[in-house]
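Dear colleague,

I am handing over the structure below, and I would be grateful if you could look through it alongside my notes.

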Amino acid sequence: MVKVAVVTGSNKGIGFGIVKELLKRFDGVVYLTSRDDGRGKAAVAKLNELGLKPEYHQLDVTDRDSVVRFRDHIKEKYGGIDILINNAGVGNSIDFYPPYEECKTIIDINYFSIFTIQELLFPLVKDNGRILNMSSACGHLSNIRNKDWIERLLKKDLTVEDINEFVNWFLEGVKNETFKYDDIADEGKGAAYRVSKVALSALTMLQQKELESKNIAINSMHPGLVQTDLMLGLGFYDIDQAAQTPIYLVLDAPDSLKGAFVWHDRKVVDWYDYKGDYYFKTNYFIKNCAQKSE
Ligand SMILES: NC(=O)c1ccc[n+]([C@@H]2O[C@H](COP(=O)([O-])OP(=O)(O)OC[C@H]3O[C@@H](n4cnc5c(N)ncnc54)[C@H](OP(=O)(O)O)[C@@H]3O)[C@@H](O)[C@H]2O)c1
């Protein structure tokens, strides 16, 4: 049976880098997917120039009909998925404190879309398959400063409802203008992005419990600070470097690595270490990128 790997949001950036590397190393078919056919096909053409041949399908993770069409296509053509990398995501615009509508869009794409993927694509993932949720340093619990939410997210019996309430607490606060930005690290800069990724990493651990019966490993990771459009071209790594740890996680990591939060250097980080120094620091990043380019 032909093996299948799927990468969401892979017409550019880290997802494109992952597809490129999978095409070199994975013994099977690799799907480059994009929400926009024009951008997707242009990305395929770039890989073809390098002699690499991905399969292509349109996939907008926030559009249920699009996910259904992709699910049906895979089911009919290959029957299942061996590797699924949930990479699609958006960052903040240049505004560190965006209005409600932008916060909602960020959270819909980076967090709520995963429920559609979970419902429609997870059932196609074969026994012993691997799933990776692309989180961020912004997805570590140390990004949260509100004591009540830290306590709740630390609960051993955390539920999906708890995580959704956390996300909705943030969104309601922004909508009503009651949100206190010092409830989030780094003076609350990019809070919507942080909340979306903290929620995604917390959810990954719950998803692992559900996938246990099929022996599927699901992890979330921080890919490093990478020179992509999302980072306005700033960062310490290029997309080829950034693809290495995702590839390790889906191809080479031991079967025992499950439900973990993994750093870009492959180290497993304790996601619950809310006092840890893992959260994203805007000023440090800008200063060091500026020094790097001098
Ligand atoms: N770059 C970093 O330093 C960094 C750090 C931590 C985490 N990450 C995470 O890594 C992942 C990739 O980011 P990147 O830096 O490579 O960003 P990027 O270059 O902006 O690429 C993001 C990709 O996601 C796609 N996308 C956005 N919304 C989508 C949707 N609704 N459905 C399907 N695809 C969608 C984009 O498509 P379009 O071209 O159509 O917009 C694009 O292909 C994201 O989850 C991001 O949060 C990145």
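Helix H2 lies across strands E2 and E3 and runs at about 140 degrees to E2, where axes are lines fitted to C-alpha atoms, for helices over the stretch in contact, and angles run from 0 to 180 degrees between N-to-C directions. Helices (H or I, at least four residues) and strands (E, at least two) are DSSP runs, numbered from the N terminus. Please bear in mind that this is a predicted model, in which local features need pLDDT of at least 70 and side-chain atom pairs count only at pLDDT 80 or more, while totals for chains, interfaces and linings use all residues. Residues are numbered from 1 along each chain as its sequence is written.

H2 covers residues 37-49, and its buried residues are Gly40, Ala43 and Val44; a residue is buried if 20 or more other C-beta atoms lie within 10 Å of its own, exposed if 12 or fewer, and partly exposed in between, with C-beta atoms placed from the backbone. Seen down the axis of H2, these buried residues fall within an arc of 100 degrees, so they line one face of the helix, the arc being that of the directions from the helix axis to the C-beta atoms. They pack against helix H1 (13-25), strand E2 (29-34) and strand E3 (55-58), contact being counted when the C-beta atoms of two residues, placed from the backbone, lie within 7 Å. On the other side of H2, Gly38, Arg39, Ala45 and Glu49 are exposed, and just after the helix Gly51 takes a positive phi of about 85 degrees.

Turning to the sheet, its eight strands form an open arrangement in the order E3-E2-E1-E4-E5-E6-E7-E8, with mixed pairing; two strands pair if DSSP finds at least two bridges between them. Its edge strands are E3 and E8 (268-269), each of which pairs on one side only.

Strand E5 (residues 125-134) is mostly covered, with seven of its ten residues buried. E5 pairs in the parallel sense with E4 (residues 81-86) over five bridges, and Ile83 stands opposite Arg130 in E5, as Ile85 does opposite Leu132. Five bridges also join E5 to E6 (residues 217-221), again in parallel, and there Met134 stands opposite Met221.

Finally, Ile94 lies in the loop between E4 and H4, and it counts as exposed because it has 7 C-beta neighbours inside 10 Å.

With best wishes

How values were computed
Expected span 1.5 Å × (residues − 1).
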